[in-house]
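Subject: Structure for you, with notes on the ligand sites

Hello,

Here is the structure to look through. My notes follow below it.

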Amino acid sequence: MKIAACIKRVPTTEAQIKVGADGKSLDTTGLQYMASFYDEIAVEEAIKTKEKLTGDVTVITIGPSDASKEVREFMARGADTGLVLKDDAWHARDARSTAKALATKVKALGAQVVFCGKVATDRDNAAVGPMLATYLGWACVTDVVSLALENDKGTAKRETEHGVETVSFALPAVITVSKGLNEPRRPNLKGIMAVKAKPIPEEPCEAVANQAVVNKVEQPAPRKAGRIVGEGAAAVNALVTALRSEAGVL
Amino acid sequence: MTTIVVFVEQNSGQPVRASLECIGAARAAGGSVVAVVTGAGAENAAAALGKSGAGKVVCLTGATQHSPDALARDCAGVVQELGAKAFLAAATATGKDVAPRVAALLDVTILSDVTTLANAGGAFNATRAWLGGKALANLGSSGAVFVATTRPNAFAALENGGTAEVVKKNASTDGKAVVTAIEAKKGGKLDVKEAPVVVSGGRGMKGPENWNLIEDLAAAFGNAATGASRAVVDSGWRPHGEQVGQTGKTVAPQLYIAVGISGAIQHLAGMRTSKVIVAINKDAEAPIFKVADYGIVGDAMEVLPALTKAVKDLKAQK
Ligand SMILES: Cc1cc2nc3c(=O)[nH]c(=O)nc-3n(C[C@H](O)[C@H](O)[C@H](O)COP(=O)(O)OP(=O)(O)OC[C@H]3O[C@@H](n4cnc5c(N)ncnc54)[C@H](O)[C@@H]3O)c2cc1C
Ligand SMILES: Nc1ncnc2c1ncn2[C@@H]1O[C@H](COP(=O)(O)O)[C@@H](O)[C@H]1O
């Protein structure tokens with residue numbers, strides 16, 4: 001089975017963010033990057049699927065040439081092929097243009113199942129997976145916490161606010177993964193050595209004009225300085241009074 | 001007036017609060033709202049939507065199983081039929097599942113989890129948090145239809161909207177994926193994303209056996225959900241669905257109470273836009289106090305029972 005996993009390069013959690021000089025972007029100078037958290041779970045599920053059903057895993061990213069670093073890391077864990085769809089403005093691509101470009105590539109690859117993160121931790125769109133599936137005309141299950149795949153169909157569980165849904169679907173499908181689905185493996189030394197010199201192909205990413213228009217980017221006003229109302233159980237009354245008469249939330 | 005189609009999620013005939021807030025957001029942006037509602041009990045839910053500000057309700061009937069792709073097709077169909085200028089859904093698990101598909105069917109982009117919505121002379125714009133709230137971006141869309149999901153607790157629901165005309169339509173039944181079973185959450189507990197009050201516990205709670213203290217405080221509020229830090233979820237003390245933070249849920253309740261949580265940046269990413277933050281921590285230097293409006297320095301095991309009692313007493317007085 002042809003399996004694909006989509007990963008996105010995002011700023012590290014510790015990154016200090018500054019607004020760009022135009023007031024409409026983020027200043028990316030000096031930012032360090034990593035693969036988005038859920039994408040590790042996506043790649044792990046792709047590798048597990050290959051181990052169970054046989055096939056091969058392609059890791060795809062839309063990003064700068066340098067994103068081959070994250071792709072290689074996942075190849076060291078067991079993905080077979082990597083692919084960088086080069087776009088230096090990947091971070092500013094909207095969900096639609098990302099999904100459309102991925103759809104073109106996934107079709108060309110002939111993949112039967114594509115794993116995505118449920119959300120990328122930079123722009124928090126939580127949209128590329130279901131949009132990709134819709135452009136392909138495929139089934140899609142989002143927020144998956146448990147998955148049983150066969151060669152032509154599958155069953156997944158997804159978590160909602162109200163409980164756990166069981167979803168049946170036919171392949172091809174896009175699965176967006178949530179925490180709890182699996183425990184991503186670490187690359188071992190053998191894996192790292194095996195992919196160290198492997199070339200990672202790069203292709204220009206299909207251009208799709210953005211529809212999202214940024215009007216303004218700003219940093220949130222720092223929270224007003226709070227105060228310690230007291231120590232231990234004795235402070236409870238002061239807290240309750242403040243919540244009621246100052247904050248008006250009780 | 002601009003027509004805005006809003007997908008309304010419902011549970012056994014009860015529209016969910018976040019969807020009513022979404023209708024409120026559409027109305028505040030000057031739209032006339034056509035709500036789309038589906039599933040068992042949809043007709044009961046539809047009857048209540050006028051009061052929340054819908055002018056018309058399209059009630060999709062006849063589908064015995066939920067299919068997100070079929071529902072998305074029906075929603076996109078309503079948008080096209082009415083020539084609506086915007087489509088909105090609440091940023092709940094179901095809303096986030098359906099809205100991007102509607103966007104793709106209309107070949108337009110989506111703005112997710114927005115916290116403001118405005119309509120300036122026919123052009124919508126909305127604010128969203130980037131990078132876990134490190135930056136706030138205001139965006140518009142050049143797409144023919146403006147599609148967005150609204151963050152729960154960020155918009156006010158209307159109470160005295162009016163009455164809505166309800167029309168029935170056959171739901172599409174040829175979904176590519178179908179929900180075959182739903183295991184409802186025990187005891188109808190509120191979800192951490194929706195609740196107006198969240199009581200979260202961290203490693204300072206020492207172990208799962210002490211969670212009754214967190215649950216008791218949540219119960220005393222009556223409208224509270226329980227949350228947890230990742231350290232607690234990773235230790236298996238609490239389910240994944242309760243995790244607040246960068247790799248858990250983003251919440252913005254009226255009141256967030258962090259108990260025995262240090263306030264790591266990844267935790268803050270999920271809760272720093274809460275209206276009021278309270279921290280209870282035995283370490284006066286814990287970073288959580290930097291974002292808290294009110295803090296108590298002390299042992300959670302001692303403070304929690306006293307706070308639960310005080311909240312109960314106050315609620316009893318009202
Ligand atoms: C990529 C990545 C993603 C992450 N995502 C998340 C996320 O989504 N959510 C999240 O929460 N974390 C996340 N983390 C983890 C985060 O960095 C912290 O490790 C975690 O939040 C710490 O949890 P904690 O506050 O419960 O535990 P600790 O940091 O161990 O804090 C425990 C606190 O309890 C206090 N305490 C101890 N005893 C008592 C007592 N008796 N009474 C009162 N207070 C007491 C201590 O003073 C301390 O402040 C992530 C980390 C990484 C690397
Ligand atoms: N630039 C990208 N390249 C490859 N995959 C992406 C990209 N952006 C988003 N994705 C995939 O879509 C998921 C959800 O992203 P988003 O909808 O942006 O939150 C990610 O976890 C990836 O699996």
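An oxygen atom of ligand 2 lies 2.7 Å from a backbone N or O atom of Cys6(A). This is a polar contact (a pair of N or O atoms within 3.5 Å; within protein, one must be able to donate a hydrogen and the other to accept it, and residues adjacent in sequence count only if both atoms are side-chain atoms). For Asn125(A), a polar backbone atom is 3.3 Å from a ligand 2 oxygen. On its own, ligand 2 has 480 Å² of accessible area, and the protein covers 99% of it. Accessible areas come from the Shrake-Rupley method with a 1.4 Å probe; for residues, only the protein chains shown count as cover.

Before going on, the basis. This is a predicted model, where local features need pLDDT of at least 70, side-chain atom pairs count only at pLDDT 80 or more, and totals for chains, interfaces and linings use all residues. Residues are numbered from 1 along each chain as its sequence is written, chains are lettered from A and ligands numbered from 1 in the order in which they are written, and side-chain values use heavy atoms, with hydrogens and water left out.

**Ligand 2, the shell**

17 residues surround ligand 2, counting those with a heavy atom within 4 Å of it. The closest are Cys6(A), Asp39(A), Ala120(A), Ala127(A) and Val128(A). By class, eleven are nonpolar, four polar and two charged. Here Ala, Val, Leu, Ile, Met, Phe, Trp, Tyr, Cys and Pro count as nonpolar, Asp, Glu, Lys and Arg as charged, and the others, Gly among them, as polar. Strand 6 of chain A gives the largest share, three residues. Elements giving two or more include strand 1 (2-7), helix 3 (95-109) and strand 8 (113-117) of chain A. Helices (H or I, at least four residues) and strands (E, at least two) are DSSP runs, numbered from the N terminus.

**Ligand 1**

Ligand 1 has 25 residues around it. The closest are Arg203(B), Ser229(B), Thr247(B), Ser262(B) and Gln266(B). The shell has five nonpolar, 14 polar and six charged residues. Helix 6 (230-234) and helix 7 (265-268) of chain B each supply at least two. A backbone N or O atom of Arg203(B) is 2.7 Å from a ligand 1 oxygen. The side chain of Gln243(B) puts an N or O atom 2.8 Å from an oxygen atom of ligand 1. A nitrogen atom of ligand 1 is 2.8 Å from a polar backbone atom of Val244(B). Taken alone, ligand 1 exposes 990 Å², and the protein buries 80% of that.

**Backbone and domains, chain A**

Most residues other than glycine have a negative phi, and most peptide bonds are trans. Two spots to check. The peptide bond from Leu171(A) to Pro172(A) is cis, with omega near 5°. Pro172(A) lies in the loop between strand 11 (163-170) and strand 12 (173-177). Thr54(A) is not a glycine, yet has a positive phi of about 60°. Its loop runs between helix 1 (37-53) and strand 6 of chain A.

Chain A is assigned domain 1 (2-204) and domain 2 (223-250), with bounds from an automatic or database domain assignment. Their centres, taken over C-alpha atoms, are 44 Å apart.

Best wishes
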